[in-house]
Amino acid sequence: MKFTVVVLLAFLWLFVPQAHATSFTGKLVKVLDGDTVEVMHDGKAERIRLAQIDCPEKNQPFGQAAKKYVLDIAAHKVVTVEVDTVDRYGRTVGEVFLPDGSNLNKQIVGAGYAWQYKRYSKDDSYADLELGARVQRLGLWQDKAPVPPWEWRKGTR
């Protein structure tokens, strides 16, 4: 019995890395696009997919503007990543908090550079931020007919 418990714990420790790590702090060293960054963790850059949101793709209208926005407010800052999960591509998915405690994911939506990714988000505060950006015609909401990235991706494959 004792051996079985030890084997089970070893398995969990080796193959379920997020079971013991819910957050970490590190320098945001790279912005790949509006919703994907790299943060230093345990001596290496870890790719983080920002939870709850979906930004325009790089070659989509406002894709470069979303990336620039994230660069301007978060690049080279020490941030805290609250880990939600690991996605099918091996990226850590989570919310990123800036040194002042503000939520980067929510700031991007509030500034009009992302949609709430309703397929993966049920947090009403993101919907409220998106609506506010739409009403104020911020960022991508300046476009007369913005195309959500999940639809854009279907059209480009």
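A hairpin of two residues links strand 1 to strand 2 (strands are DSSP runs of E with at least two residues, numbered from the N terminus). The model is predicted: local features need pLDDT of at least 70, side-chain atom pairs count only at pLDDT 80 or more, and totals for chains, interfaces and linings use all residues. Residues are numbered from 1 along each chain as its sequence is written, and side-chain values use heavy atoms, without hydrogens and water.

**Strand pairing**
- Strand 1 and strand 2 (residues 36-41) run antiparallel and are joined by four bridges; pairing requires at least two DSSP bridges.
- Asp33 has Thr36 in strand 2 as its bridge partner.
- Strand 1 also runs antiparallel to strand 5, with five bridges between them, and Ser23 stands opposite Glu82 in strand 5.

**Helix 4**
- The 13 residues of helix 4 should span 18 Å at 1.5 Å a residue, and its end C-alpha atoms are 19 Å apart, which agrees; the expected span is 1.5 Å times one less than the number of residues.
- Tyr126, Glu130 and Ala133 are the buried residues of helix 4 (buried means under 20% relative accessible area, exposed over 50%, with a 1.4 Å probe and protein chains only).
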